[in-house]
Amino acid sequence: MENSRRRFLKTAGFSILGVGAGSMLIGLAPGPSEAAGPAAETKPVFVDRPDAKHARRWGMVIDTRGLDARTCRKMEEACHSIHNVPDHIGKFGNKNHEIKWIWDTEFKHAFPGQEAEFLSDRLENAPVPVLCNHCDNPPCVRACPTRATFKREKDGIVLMDFHRCIGCRFCMAACPFGARSFNFRDPRPAIEDENPEFPTRMKGVVEKCNFCAERLAVGKMPACVEASGGALTFGDLNDPDSDIRKLLADEYAIRRKPNLGTFPSVFYIV
Amino acid sequence: MLEKALKGSKTYWMWLLALAVVFAVGFVVYLRQLEFGLGITGMSRDVTWGFYIAQFTFLVGVAASAVMLVLPYYLHDYKTFGKITVLGEFLAVASVLMCMLFIIVDLGQPMRLLNVIFYPTPNSMLFWDMIVLNGYLFLNIVIGWNVLDAERNNTAPEKWIKPLIYLSIPWAVSIHTVTAFLYCGLPGRGFWLTAVLAPRFLASAFAAGPAFLILLSFIIRRFTGFDAGTRARQTLAKIVAYAVLANLFFFLCEVFVAVYSQIPEHMSHLQYLFFGLHGHDALVPWMWSSMALMVLAVIFLIIPAARQNETTLIFSCAFVFVGTWIDKGLGMISGGFVPNPLHEVNEYIPSIPEIVITIGVYALGFLVLTLLYKVVTGVKKEVAGQG
Ligand code: SF4
Ligand code: SF4
Ligand code: SF4
């Protein structure tokens, strides 16, 4: 899997050919730096400080048994307030323009196609938090025509470059989890208390959960994990000795839509 | 040859002016969209592609359908299409232009459009779509113009045109195939996740495009006296009939797979479109009308007497055009987004500004089409006058 994907990336070198043909057709010859092709990694979004947290592949386990609606609300508020996620519903009553990075839904919506018919009352009504799965084989990255959405080589986080995104929303059609939101309008008027440490977005770009890459860079855990009262475990899926791997070894955990081959890095104990 | 477009009757100029005004209105509303964002459309977090992308998809088909003229005429030397082929090529030019505009008006950050070229990404189908669409536009302009110019000078077209013509045949198929690949390679969108999507796109394209061309040829005859020929229209009508049949057949294959397998991910979209889901049923009357129109058209077009009668022919072609437009331009795109990946139902209805912008793009397309057709009819008349 890993290998074949790497090979695929290499064949992407053919893109140079593509650029040549494409630019000839539109009568635009790119300079050498622009023709560098996908080999040129997208710039790191957050610079690591010495105490930064590192992993080969970040992942999350959500223990729904330890969650109630109040905790879910706290997690959502923590995430949305530090990430300057606008509240279009609260501010303008507009559901169409809603932006959310993490929210809770019912089991049957989080796991369509996996619903068990005679679910216990607890599971049937329990809130299930959903967010970007930081898929190991992310279709959103495959679909993006500008690599504004990309998977960070060093730790597998699927990130966004808000300044490169052209707002075509191809990634939103490609994501099978509804994890992405589009800025249908300027988000700033709908941000209650702006956090100056995190960039606000502009209209016309897509956004989603970034696994708190900016917090990991300064040695902090993701905000939702901190607010979860222990229900969320965050760690390195590639490290057999990590807490998260131990938890996965002890408990039966499921992922959303595993049959689609995206290999989500978010697991659920139900 | 361009000067031919500058001499015309009063009706001609009034028509151009009307189109320009409609375009201007659309443009003003687009400026508003630029300022506010795509929030002025009916799209939402769940239905992230709407009217614009649907028109784009439909028009790629119309553009690709030029191959239905180019192939018989150039490859099989089918002389009957002598007068109408260039009309098909120029229709393709206008359609591709509209396609590109629809992509641009759909972008959240149109100023950054060139990022697709600065950061070329061959694993994205949109990248390939850009290449094939630009290529197709280029091919049709060059071919149409040169062949027409040669005809005017009473010479054979230049030698290097031939390979381009042959190239344009598979290229036409490629534009609609790649457009289908935009949708059918996405995991988790059960409605599009079918290998029959590209063939079905081609079938409905080969119905809609020639049907529209037949209608255009009647309009041109009425206003300029230039007649593409009854025989050409009759052959085209047969092509339309079988293409609509193929489209319906592919659709039924899809329905069978979805409904017999009973897999909810595939079935629920069809359910939504044709019966409504959880009380949401805005598209139901449209989808049934679309089917009815296509079936009626097939019947009319297959019965020789009905096909040969100009009035029923006009109606059948209009049915095909409207039927396939609803199918592709209304149901195909938003149908794929409802229900959403979490199996929630949020419907999409285009907003007024969105529709005005759409009409504006169409107006510009028709403006270009009118100018091109004016040149064609001018040249054809001149040649006929000499001969
Ligand atoms: S959950 Fe969606 S947005 Fe997140 S990585 Fe997977 S496909 Fe991409
Ligand atoms: S909307 Fe932005 S991130 Fe998404 S596919 Fe388009 S360019 Fe990439
Ligand atoms: S990991 Fe960070 S960005 Fe993602 S949902 Fe949790 S708090 Fe929000």
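1. Helices are DSSP runs of H or I with at least four residues, strands are runs of E with at least two, and both are numbered from the N terminus. This is a predicted model, in which local features need pLDDT of at least 70 and side-chain atom pairs pLDDT 80 or more, while totals for chains, interfaces and linings use all residues. Residues are numbered from 1 along each chain as its sequence is written, chains are lettered from A and ligands numbered from 1 in the order in which they are written.

2. The second largest pocket has a volume of about 610 Å³. Its lining elements with two or more residues are α1 (10-36), α8 (197-224) and α14 (352-386) of chain B; α14(B) gives the most, 8 residues. A pocket is an open set of points on a 1 Å grid over the protein atoms alone, where a 1.4 Å probe fits, with protein on both sides within 12 Å along at least five of seven lines; lining residues have an atom within 4 Å of a point. The volume is the space filled by probe spheres set on the points, which are joined across faces, edges and corners.

3. That pocket has 21 lining residues, with Trp15(B), Ile219(B), Phe223(B), Thr224(B) and Thr370(B) nearest its centre. By class, 10 are nonpolar, 7 polar and 4 charged. Ala, Val, Leu, Ile, Met, Phe, Trp, Tyr, Cys and Pro count as nonpolar, Asp, Glu, Lys and Arg as charged, and the others, Gly among them, as polar.

4. Around ligand 3 the residues include Cys79(A), His83(A), Cys209(A), Cys212(A) and Cys224(A), a residue being near if one of its heavy atoms lies within 4 Å. This shell has 10 nonpolar, 2 polar and no charged residues.

Conventions. Heavy atoms only, no water.
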